[in-house]
Amino acid sequence: EKKIKELYEKNSISKDIITKITGKAHVLKKKGYDTIKIMNFCGTHEWTITHYGIRSLMPDNIELIAGPGCPVCITPGHYVDLLIDLSMEGYTILSYGDSYKLPGTRLRGIRSLFDARIHGGDTRIVYSFLDAILIARRNPSRKHVFFAVGFETTMPSTAVPLYNKVVPENLLILSAYRLTPPIMKYLLEEKPEAVIHGVIAPGHVSAVIGSNSWKFLPEKYNIPTVVAGFEPIDVLLAIYYILDMMDKNEPKLINEYTRVVKPEGNVFAKKVMSKVYEVRDAYWRGIGVVPKSGGYHSRDYLKHDLYYNLGIEDKPIKDILPGCKCPEVTLGISKPTDCPLFMKTCTPSNPYGPCMVSSEGTCRIWAENLPLK
Ligand code: SF4
């Protein structure tokens with residue numbers, strides 16, 4: 001901790017911001033704020049905070065908590081089960097690397113696409129949806145499924161090729177896309193135990209949906225909100241802005257990441273997404289059904305939809321494994337170290353729960369960036 005503080009003090013900008021944060025935290029403590037909880041939505045912000053030791057710089061009354069910003073962590077387990085089965089039945093399953101080790105709902109046997117590959121299933125990692133298109137085109141007699149996991153950041157990567165009609169017929173998509181503002185609304189409405197005084201809103205997502213998408217946080221819930229970039233200085237500035245708004249009792253939306261994020265976002269991407277996907281209520285792993293939070297193929301694109309082609313229902317089943325506290329970690333109610341399995345049964349090389357799989361998962365980030373405060 002001492003060494004981290006010394007490093008930050010060598011840089012006049014970070015030193016200045018930390019001094020201001022400390023001053024504001026002191027003022028707020030005098031006003032009765034013994035604990036100020038600031039939630040970062042995005043897994044990459046959590047990585048910056050943990051990797052660069054930002055928690056250890058915070059005054060005692062400031063707690064930085066991780067939020068639901070890991071799409072792999074909340075992807076329903078029954079999707080993985082279905083893809084494992086299909087990989088054994090003649091389909092080629094194409095997945096991003098961070099979903100490859102995601103466990104399904106089964107406790108024993110083949111638990112992930114990675115396991116399926118070992119047991120003879122045809123599962124492969126791709127770096128992009130365009131890779132999936134190329135693989136499917138090269139093997140026209142075989143059916144392929146792309147596992148589309150992500151938030152609004154990755155939705156355009158499938159929406160644009162579908163819209164441009166360049167996706168071959170033998171490539172189906174399991175759309176696991178989930179939308180970020182609805183989960184924040186759900187958290188604030190349905191989980192009163194998750195106390196949040198300020199929000200660091202996601203930078204990458206906001207580049208697509210626009211910073212204005214987060215206006216509801218200050219306007220409806222009085223929560224100071226800052227859309228921030230991913231450098232330590234960005235995060236420190238966001239914390240300072242939140243404390244400053246709290247001190248002045250003027251909750252607003254501030255866009256700190258103006259070098260990337262526009263108020264209206266990426267207008268073209270949003271237009272294409274609205275044509276290819278329709279928004280419906282959707283299940284989040286271990287959390288439940290969140291209103292208007294899922295991106296599902298609209299009618300014109302159903303010929304590429306996996307569930308539609310199989311003629312089966314997308315029906316969630318219990319998908320949090322015994323002992324795993326991932327839903328509470330995802331909603332900022334628990335920390336990874338509150339889970340008795342953390343770094344015992346559940347490790348980055350052998351993940352038991354979904355929050356230990358992706359580099360955006362809070363448990364994985366904490367596991368790889370110890371020591372912790
Ligand atoms: Fe779940 Fe593993 Fe995290 Fe525990 S450490 S909450 S088992 S992902």
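Q: In this predicted model, which residue of β11 stands opposite A282?
A: Start with the strands: β10 covers residues 277–284 and β11 covers residues 288–297. The two run antiparallel and are joined by 7 bridges. Look across from A282 and the residue of β11 standing opposite is V290.

Q: Which residue in the turn of the β10 and β11 hairpin has a positive phi?
A: β10 and β11 make a hairpin, with 3 residues between them.

Q: How are α7 and α12 oriented to each other, roughly parallel or roughly perpendicular?
A: α7 spans residues 155–163, while α12 spans residues 267–276. Their axes sit 9 Å apart and the helices pack at an angle of about 70°. Angles of 65 to 115 degrees count as roughly perpendicular. That's why α7 and α12 are described as roughly perpendicular.

Q: How many charged residues are there in the contact of α7 with α12?
A: On the α7 side you'll find M155, P156, A159, V160, L162 and Y163. They meet A269, V272, M273, K275 and V276 in α12. Sort the residues of this contact and you get 10 nonpolar and no polar ones, and the number of charged residues is 1.

Q: Which residue in β8 stands opposite V199?
A: β7 (residues 198–201) and β8 (residues 225–227) run parallel, joined by 3 bridges. Going across to β8, the residue opposite V199 is T225.

Q: Which residue in β6 stands opposite A148?
A: The setting is an open sheet of 4 strands, ordered β4-β3-β5-β6, with parallel pairing. β4 (123–125) and β6 (171–177) are its edge strands, each with a single partner, so each has one side left without a neighbour in the sheet. β5 (residues 143–150) joins β6 through 7 bridges. Opposite A148, β6 places S175.

Q: Which elements give two or more residues to the side of domain 1 that touches domain 3?
A: The domain assignment gives domain 1 as 2–70 + 181–255 and domain 3 as 326–368. Their centres, taken over C-alpha atoms, are 21 Å apart. In the contact, 16 residues of domain 1 meet 11 residues of domain 3. On the domain 1 side, the elements giving two or more residues are α3 (43–51) and β2.

Q: How many charged residues are on the side of domain 1 that touches domain 3?
A: The side in question is the part of domain 1 with 16 residues in contact with domain 3. Of these, 8 are nonpolar and 5 are polar, and the charged count is 3.

Q: Which residues come nearest to the ligand?
A: There are 14 residues around the ligand. This shell divides into 12 nonpolar, 1 polar and 1 charged. Those that come nearest are C324, C339, C346, G353 and C363.

Notes. Residues numbered from 1 in each chain as written. Predicted model: local features only at pLDDT ≥ 70, side-chain atom pairs only at ≥ 80, totals over all residues. Axes fitted to C-alpha atoms, helices over the stretch in contact; angles between N-to-C directions. Parallel < 35°, antiparallel > 145°, perpendicular 65-115°, else oblique. Contact = placed C-beta atoms within 7 Å. Nonpolar A, V, L, I, M, F, W, Y, C, P; charged D, E, K, R; others polar. Near = placed C-beta within 6 Å. Pairing = 2+ DSSP bridges. Domains from an automatic or database assignment.
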